[in-house]
Amino acid sequence: MYIFKAFVFKGKRTAGKALDTLEDHVPVYPWVDDAAVVSRSKLGIIRIHSTWAQDDSAVGAGASIGAITGGVLGALLGPGGAMAGAAMGGSMGAMFGAAGEVALDDPRLDDFASSLAKDTSALVLVAEQDTIADFASAVEPFGGKVIETNLNEGDIKALRKAFKKPAAAAPRVQ
């Protein structure tokens, strides 16, 4: 079973600072390469930074936890999220486009999307229970509103299936 867990912070840079701190932690947290930072500026612009989006094999692998995190974010944030994903490169843009085909029906995920008010940020991970427990213990000292829900196995299968379809080429922003 996969779990979605997000820590939502005040300030569009707070989640990024938390991730930067966690990347320097010794011993290394193995899930750091699967996390995503979502921020909404004071103007309402959504930006997504992922540690896994830089890898062009992310969509091809399809089963990686990072791809699932990106897929959930793509399904939640809709066209704005897809545009933010496309701006990060072809693999992430294609992943967000594929995720747009999947509808996630979970009120806690809706709570997450609505909690991203202007001038906020979130550190997000979708993973199995053991990984989520490690993530939670590492991130809790930073505070923030916690949003967590179990993801339906059908949703995970639908996201993986969408990733396996040949995706239209996503626009690359140079």
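Modeller: Start at Asp119, in the loop between H5 and S4. Helices (H or I, at least four residues) and strands (E, at least two) are DSSP runs, numbered from the N terminus.
Colleague: What is the phi of Asp119?
Modeller: Positive, about 60 degrees, although Asp119 is not a glycine. Most residues other than glycine have a negative phi, and most peptide bonds are trans.
Colleague: Is Asp119 buried or partly exposed?
Modeller: Asp119 is partly exposed, since its relative accessibility is 27%. Buried means under 20% relative accessible area, exposed over 50%, partly exposed in between (1.4 Å probe, protein chains only).
Colleague: And the ground rules?
Modeller: This is a predicted model: local features need pLDDT of at least 70, side-chain atom pairs count only at pLDDT 80 or more, and totals for chains, interfaces and linings use all residues. Residues are numbered from 1 along each chain as its sequence is written, and side-chain values use heavy atoms, with hydrogens and water left out.
Colleague: Which residues does the cis peptide bond join?
Modeller: Val26 and Pro27, with omega about 0 degrees. Pro27 sits in the loop between H1 and S2.
Colleague: Switching to the fold. How many helices and strands are there?
Modeller: Seven helices and five strands. From the N terminus the order is β-α-β-β-α-α-α-α-β-α-β-α.
Colleague: Now salt bridges. How many?
Modeller: Two, taking a side-chain nitrogen of Lys or Arg within 4 Å of a carboxyl oxygen of Asp or Glu. In one, Glu148 pairs with Lys5, and the closest N and O atoms are 2.7 Å apart. Glu148 is in strand S5 and Lys5 in strand S1, so this pair ties together parts 143 residues apart in sequence.
Colleague: Is Lys5 buried or exposed?
Modeller: Lys5 counts as buried, at 8% relative accessibility. Glu148 is partly exposed, at 31%.
Colleague: What does Arg108 pair with?
Modeller: Asp111, with the closest N and O atoms 3.1 Å apart. Both lie in helix H5, three residues apart, about one turn of the helix.
Colleague: Last one, the core. Which residues touch the most other members?
Modeller: Phe4, Val38, Val72, Phe112, Val124 and Leu151, out of 23 residues in the largest nonpolar core. Such a core is a set of buried Ala, Val, Leu, Ile, Met, Phe, Trp, Tyr and Cys residues joined through side-chain atoms within 4.5 Å.
Colleague: Which element gives the most to this core?
Modeller: H3, with five residues.
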